[in-house]
Amino acid sequence: LVAPTGPSSRTGFGRMLNPTAGSEAGGASRAWAATITISLAILYIVNSAGLIAFNKYLLHYDRFPYPITMVWLHMVGASVLGVLLYLVRPTLFPSISSPAPETYVDFRTVVKCFVPVGIFFGTTLVLSNTAMMYCSIAFLQMMKEGNLVLVYIFTVSAGLDKFSWAQTMVGVWILAGCTLCIHGEMHFVWIGFIMQFCGQIAECFKLVVQQFLLSGQGYRFDPMSFVFYMAPVSAGIITIPMLFFEGHAAVWAAARAWYAWLAASILLAFSLNIVVSMFIKHTSAVSFMMAGLVKDCCVVMASVTVFRDVVTPMQQCGFTIQLLGVGVVSLLKTFPHCFKESFVGGFKLALQEVMNGETHRAPETAKLQPAKEKI
């Protein structure tokens, strides 16, 4: 996964909103870049929401209640599909077909880079899928808004981001919204809550570890090559807990009964890995979490309309608070030069620049140093 060092790595969430901000390219280049970015964003939202819906439907006690096996099938499917795609179009994997020194993969590289990321990645998926068996999609998505704060805490602690009182205050605001969402849940289940929270912690560790290992100080891979290497490593890691907890005949009987749905879920998971890898290439770990806000909103609405989940007035208030907090963080990341004097005045200046269509930002400010996130 390439960790960019050009303008795209310095524009944060604003880059997603206007990927050609501050560039001197012509109108055609701007339109083309905007089209690609919007298309990737739409693909990410559709794939992610579709995969969540598939998992929620399948992870029912009357269908396929085996979250570890489901994640293992996703990783095995991604490995097989990756090999087939490489055989057909090796040029889609430049780090493999034309390797550079910084993309050379040996046993040491696998142990140093892919195994740590794979452990956190597999843990995140297994715990999140398990939480779906106990809690509603809307509740889990509201909990995930707290990831923005968790990632900020982790990156500051690891020295990958600078401490900011403004971002800290907004983080407290977002956590207040999370508290309302959790307290307002009508069908609260402790085991689902604990599974989801532990999964979010594992995801934050994954973001920071991958950001560090795949930065300019470490290895660099194009998105397709990264998925090519990461999927089989994750499958191998997940095999052990799968055999220990779900290695019985009932699992495979259920797999045969629901093979068509599982195949569709595998295809969605494979395509999501690729889309996310390409999309994250242009943002930081924190910025990606903010980009997922749009997807979370769509998932919450689908949870209410399709799955008939109940969202209480307290949760609606808390979710609104979260959205406002994430919006303020996006302004802080996109227009840090506006907030040098004061927070309130900077907020007004940033809104004025948004209304005027200005998307530049002061150079080398509020930079999340090594990039990037995720498969």
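**Exercise 1. Find how many aromatic pairs the structure holds, and describe the pair formed by Tyr57 and Trp258.**

Solution. The structure, which is a predicted model, holds 18 aromatic pairs, where rings of Phe, Tyr and Trp (its six-membered ring) pair if their centres lie within 6.5 Å, and planes under 30 degrees apart count as stacked, over 60 as edge-to-face and the rest as tilted. One of them joins Tyr57 and Trp258, with 6.1 Å centre to centre and 75° between the planes, and is edge-to-face. Helices here are DSSP runs (H or I, at least four residues; strands, E, at least two), numbered from the N terminus.

The model is predicted, so local features need pLDDT of at least 70 and side-chain atom pairs count only at pLDDT 80 or more, whereas totals for chains, interfaces and linings use all residues. Residues are numbered from 1 along each chain as its sequence is written, and side-chain values use heavy atoms, with hydrogens and water left out.

**Exercise 2. Decide why the pair of Phe64 and Tyr66 is edge-to-face, and state whether Phe64 is buried or exposed.**

Solution. The ring centres of Phe64 and Tyr66 are 5.3 Å apart and their planes stand at 80°, so this pair is edge-to-face. Phe64 has 0% relative accessibility and therefore counts as buried, a class that means under 20% relative accessible area, with exposed over 50% and partly exposed in between (1.4 Å probe, protein chains only). Tyr66, at 15%, also counts as buried, while Tyr57 counts as partly exposed because its relative accessibility is 28%.

**Exercise 3. Say which ring the charged end of Arg63 sits over, and name the residues of the aromatic cluster that includes Phe139.**

Solution. The charged end of Arg63 sits over the ring of Tyr57, 3.9 Å from its centre; such a placement requires NZ of Lys or CZ of Arg within 6 Å of the ring centre and within 35 degrees of the ring normal. The cluster is formed by Phe139, Phe188, Trp190, Phe193 and Phe197.

**Exercise 4. Describe how helix H7 packs against helix H8, and which residues make the contact.**

Solution. Helix H7 (residues 147–157) and helix H8 (residues 165–183) pack at an angle of about 145°, with their axes 9 Å apart; the axes are lines fitted to C-alpha atoms over the stretch in contact, and angles run from 0 to 180 degrees between N-to-C directions. From H7 the contact (heavy atoms within 4.5 Å) takes Leu148, Val149 and Tyr152, and from H8 it takes Gln167, Thr168, Gly171, Ile174 and Leu175. Turning to cover, eight of the eleven residues of H7 are buried, among them Leu148, Val149 and Tyr152. After H7 comes Gly159, with a positive phi near 80°.

**Exercise 5. Locate Ser48 and Arg308, and state for each whether the residue is buried or exposed.**

Solution. Ser48 is placed in helix H2, and its relative accessibility of 7% makes it buried. Leaving aside residues up to four places away in sequence, Ser48 touches Leu272 and Lys295. Arg308, by contrast, belongs to the loop between helix H13 (285–305) and helix H14 (313–334), and with a relative accessible area of 67% Arg308 is exposed. Its phi is near 60°, a positive value in a residue other than glycine.
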